[in-house]
Amino acid sequence: MPPEPAEALARLGMPMEDAMRTQRAVRRLHLDPVSHDVLLPLLELSLKAPTSSNTQDWSYLVVEDREQKLKLAKLWRKLYRVIDPIAVRMAKGDERELRQIAPGQWQAEHFEDLPVFVIPCYRRNLKHKPVGRPQISVASFYGSVFPPVQNLLLGCRAVGLGASLQTLPIWWVPSARKILGLPRSVNPVCIIPIGWAKGNYGPTTRRPIGEVVHLDRYGNRPFLETGAGRPEQAESNGPRRRAAEA
Ligand SMILES: Cc1cc2nc3c(=O)[nH]c(=O)nc-3n(C[C@H](O)[C@H](O)[C@H](O)COP(=O)(O)O)c2cc1C
């Protein structure tokens, strides 16, 4: 049974460190609807993020209608049918790898049944474009979308919802645009399936900070040896290692 909205929202008081350490891609979801009384406050909070030039040119497409979800599922499966056999072949009977891809397979098979999709979109203008010449950064376009997305993922984690940032299901932008009725100036950036979590949260396993931090010049990594700030190092085995399936 999903919690009452007030009870769920009260969980937003969770310590920030706990939320950040345990937020992860949760793909196995209960199929019960997610109340707007929970979703809308989370969307509102997520938009406390920065945007380039404070443009705030976001749109959130919230998809709940079954026909719409079915169209999105068909779009996703066109690609999924190609890439899933490759993923299975690459796992080569490796039980751990197979366990890791299982939640994504479950989700692809249940796509139209998932409670709600949030599709963050951003409006293109002369300064903010999703594509450009190789030398010109498109960071201001995508950088205006992913901060609120991460806020939303953290909010979902705190209240007990499962969520994951995904790009593949809307891989063919013209079709996604057509399904969603998006004007040409508005680009869909990713899709976030959301439902009450069935899969596990983290702690997540990430590369040790000493491996990632370079001081003053690339290649100078003084924190590599000290072990500073790496509570999860004992578990770490590179970025592909997962603590548990979700
Ligand atoms: C830009 C981006 C695109 C992603 N696209 C997908 C996707 O298409 N499908 C999917 O299942 N997960 C997708 N993910 C989620 C990652 O696979 C996931 O965050 C990563 O494996 C770490 O998993 P964890 O957070 O559970 O540890 C994407 C993440 C990012 C940041």
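Which residues come nearest to the ligand? Here are my notes, with the reminder that this is a predicted model.

1. **The ligand shell.** To take that opening point up directly: the ligand has 11 residues around it, and those that come nearest are Arg24, Ala25, Gln166, Leu168 and Thr204. By class, the shell around the ligand holds four nonpolar, five polar and two charged residues. If you are setting up a calculation on this site, that list is a handy place to begin reading.

2. **Domains.** The protein is split into domain 1, covering 5–204, and domain 2, covering 206–235. Taken over C-alpha atoms, the centres of domain 1 and domain 2 are separated by 29 Å. Thr204, one of the residues that come nearest to the ligand, carries the number at which the range of domain 1 ends.

3. **Helix α3 against helix α7.** Helix α3 (residues 36–46) packs on helix α7 (residues 146–159) at an angle of about 140°, and their axes are 8 Å apart. Because of that angle, α3 is oblique to α7. The crossing in which α3 passes α7 is right-handed. On the α3 side the contact is made by Val38, Leu42, Leu43, Leu45 and Ser46, while α7 brings Pro148, Asn151, Leu152, Gly155, Cys156 and Val159. Sorted by class, the residues of this contact of α3 with α7 are eight nonpolar and three polar, with no charged ones.

4. **Helix α4 against helix α8.** Helix α4 (residues 66–91) and helix α8 (residues 173–180) have axes 10 Å apart and pack at about 175°. An angle over 145 counts as roughly antiparallel, so α4 is roughly antiparallel to α8. Gln68, Lys71, Leu72 and Leu75 of α4 make the contact with Ser175, Ala176 and Ile179 of α8. The residues in this contact of α4 with α8 comprise four nonpolar, two polar and one charged.

5. **Helix α4 against helix α5.** α4 also packs with helix α5 (residues 95–109), here at an angle of about 165° with the axes 11 Å apart. That makes α4 roughly antiparallel to α5. The crossing of α4 past α5 is left-handed. From α4, the residues Trp76, Arg77, Tyr80, Asp84, Ala87 and Ala91 meet Glu97, Leu98, Ile101, Gln105 and Ala108 in α5. The contact of α4 with α5 has seven nonpolar residues, one polar and three charged.

6. **A cis peptide bond.** Which form does the peptide bond from Gly202 to Pro203 take? The bond is cis, and its omega is near 25°. Pro203 sits in the loop between β5 (192–196) and α9 (209–212).

7. **A positive phi.** Where does Ser53 lie? Ser53 is in the loop between α3 and β1 (58–63). Although Ser53 is not a glycine, its phi is positive, at about 55°. The α3 named here is the helix of point 3, which packs with α7.

Key:
Residues are numbered from 1 along each chain as its sequence is written. This is a predicted model: local features need pLDDT of at least 70, side-chain atom pairs count only at pLDDT 80 or more; totals for chains, interfaces and linings use all residues. Axes are lines fitted to C-alpha atoms, for helices over the stretch in contact, and angles run from 0 to 180 degrees between N-to-C directions. Helices (H or I, at least four residues) and strands (E, at least two) are DSSP runs, numbered from the N terminus. Angles under 35 degrees count as roughly parallel, over 145 as roughly antiparallel, 65 to 115 as roughly perpendicular and the rest as oblique. A crossing is left-handed if the near helix is turned anticlockwise from the far one by less than a right angle, and right-handed if clockwise. Two residues are in contact if their C-beta atoms, placed from the backbone, lie within 7 Å. Ala, Val, Leu, Ile, Met, Phe, Trp, Tyr, Cys and Pro count as nonpolar, Asp, Glu, Lys and Arg as charged, and the others, Gly among them, as polar. Domain bounds come from an automatic or database domain assignment. A residue is near a molecule or strand if its C-beta atom, placed from the backbone, lies within 6 Å of it.
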